Amino acid sequence: MANNKKAFITGISGQDGSYLTELLLDKGYEIAGFVRRNAALDFGNANAIKDEVKIYYGDLHSPESIALALLDFKPDEIYNLASLSSPLGSFSDKLGTIMITGIGALHVFERAKQIVPEARVYQASTSEMFGAPTQVPQNEETPLAPVNPYAAAKEFAHRMAHIARNDRKQPQFISCGILFNHESPRRGLNFVTRKITTAVACIKNNKREGIPMNEIGEPIVKNGKVTLGDLEAKRDWGFAPDYVEIMWKMLQTEEADDFVVATGEVHTVEEFAKEAFEVAGLNFKDHVETDPHFIPPVQTGPLCGDASKAKRILGWQPKTNFKELVKIMVHADLAKFS
Ligand code: NAP
């Protein structure tokens, strides 16, 4: 059912962009997606819904491409989800990370202010901005102290959002979701959870060909084993479809604000691996090895979020628990890598 509202989504081909698009289409929104042109004209996770959205080709590097899309589409809501989103990967492309994840967000805010000043903006901030916090759990008041280039770029965008929000002459409605890790079968293969569930599937299905590559260009599974980094790293993992719902909720409030979005439950990478292999009837100890190459130079965490403000003000709470999340991801990959 149409609701006459228009949403413009950067990063629509990513994990969150695709789930958010599905949610907003269900709510009757008209959607435009901002995508980087690639040779294969592939829309990633948004392939299945690409015919239901208007596509604008562009790049967060290019303020002109953002401006042209906003001028033509004139959205009511803008969801800025595009970024180079791998904390580990950001160490090998610091400048690219700053330019896209940090300055790119500022381009979105500035062009929106000039072209569609009434549009409400959602900025995808991250728990990574907390760095290695001494305060556990973290909430909206926890000091930001990023320890990787990705988080530093996100902090810049987060602070620019606050500056735009507090502008006395022309305040902008920009809400920031400080989202803790959220996963799904659409998570990039360079993230540890998806790497594990892909490996479980390839091992269980005895797959010999078509095994996806890891972030250093080697098959994720070699000789029946997957190589991970720090098994003791602690994260608060939720399910992505639960998390996109609150992005929308954040733009329906009276005033722009920041919200921590998390489950409040922490698990180690080892616990995730143990659970994932168990779902497939395997013992992780037989299939997991570690390599310091996959450990970032500076460690983040422990990250554990206190989402009580989101619950109190937006009535939000996660629906999917850790075991369910792992099961969903393993089953999806068992079917995908059969
Ligand atoms: P994702 O799957 O990595 O998607 C990132 C998206 O950004 C992709 O669509 C990608 O397009 C696009 N993009 C990258 N560089 C671009 C550029 N220069 N111009 C335009 N688009 C560009 O990320 P996600 O997991 O959906 O996360 C969504 C947002 O939330 C990101 O900003 C992420 O940093 C943030 N976040 C995520 C989590 C999490 O746990 N997932 C937690 C906190 C915050 P291509 O398809 O062309 O690569």
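Visitor: Where does Pro137 lie?
Guide: This is a predicted model. Pro137 is found in the loop between strand 5 and helix 4.

Visitor: Which residue does a cis peptide bond join to Pro137?
Guide: Most peptide bonds are trans. Here the bond is cis, with omega about 0°. The partner of Pro137 is Val136.

Visitor: Is Pro146 buried, exposed or partly exposed?
Guide: Pro146 sits in the loop between strand 5 and helix 4. Its contacts, leaving aside neighbours within four places in sequence, include Glu128, Met129 and Ala151. Buried would need under 20% relative accessible area, and exposed over 50%. Pro146 has 26%, so it counts as partly exposed.

Visitor: What distance separates the C-alpha atoms of Pro146 and Thr300?
Guide: Along the chain, these two are 154 residues apart.

Visitor: What is omega for the peptide bond from Gly301 to Pro302?
Guide: Pro302 is in the loop between strand 14 and helix 8. The bond from Gly301 is cis. Its omega is near 5°.

Visitor: Which residues are the closest to the ligand?
Guide: The ligand is surrounded by 24 residues. They divide into nine nonpolar, 10 polar and five charged. The closest are Ser13, Asp59, Ser85, Tyr150 and Lys154.

Visitor: How much of the ligand's accessible area does the protein cover?
Guide: Look at the backbone contacts. A backbone N or O atom of Gln15 lies 3.0 Å from a ligand oxygen, and a polar backbone atom of Leu81 is 2.8 Å from an oxygen atom of the ligand. On its own, the ligand has 900 Å² of accessible area, and the protein covers 87%.

Visitor: What is the relative accessible area of Ser175?
Guide: Ser175 belongs to strand 6. Leaving aside neighbours within four places in sequence, its contacts include Val121, Tyr122, Met250 and Asp257. Ser175 counts as buried because its relative accessible area is 0%.

Visitor: Which residues of helix 7 are buried?
Guide: Helix 7 spans residues 269-279. Its buried residues have cover that includes helix 5, strand 9 and helix 9. Those buried are Val269, Phe272, Ala273, Glu275, Ala276 and Phe277.

Visitor: Is Asn4 buried or exposed?
Guide: Asn4 lies in the segment before strand 1. Most residues other than glycine have a negative phi. Asn4 has a positive phi of about 65°. Its relative accessibility is 73%, so Asn4 counts as exposed.

Visitor: What is the phi of Asn206?
Guide: Asn206 lies in the loop between helix 5 and strand 8. Asn206 is not a glycine, but its phi is positive, about 55°.

Conventions: Residues are numbered from 1 along each chain as its sequence is written. This is a predicted model: local features need pLDDT of at least 70, side-chain atom pairs count only at pLDDT 80 or more; totals for chains, interfaces and linings use all residues. Side-chain values use heavy atoms; hydrogens and water are left out. A residue is near a molecule or strand if one of its heavy atoms lies within 4 Å of it. A polar contact is a pair of N or O atoms within 3.5 Å; within protein, one must be able to donate a hydrogen and the other to accept it, and residues adjacent in sequence count only if both atoms are side-chain atoms. Accessible areas come from the Shrake-Rupley method with a 1.4 Å probe; for residues, only the protein chains shown count as cover. Ala, Val, Leu, Ile, Met, Phe, Trp, Tyr, Cys and Pro count as nonpolar, Asp, Glu, Lys and Arg as charged, and the others, Gly among them, as polar. Buried means under 20% relative accessible area, exposed over 50%, partly exposed in between (1.4 Å probe, protein chains only). Helices (H or I, at least four residues) and strands (E, at least two) are DSSP runs, numbered from the N terminus. Contact means heavy atoms within 4.5 Å.
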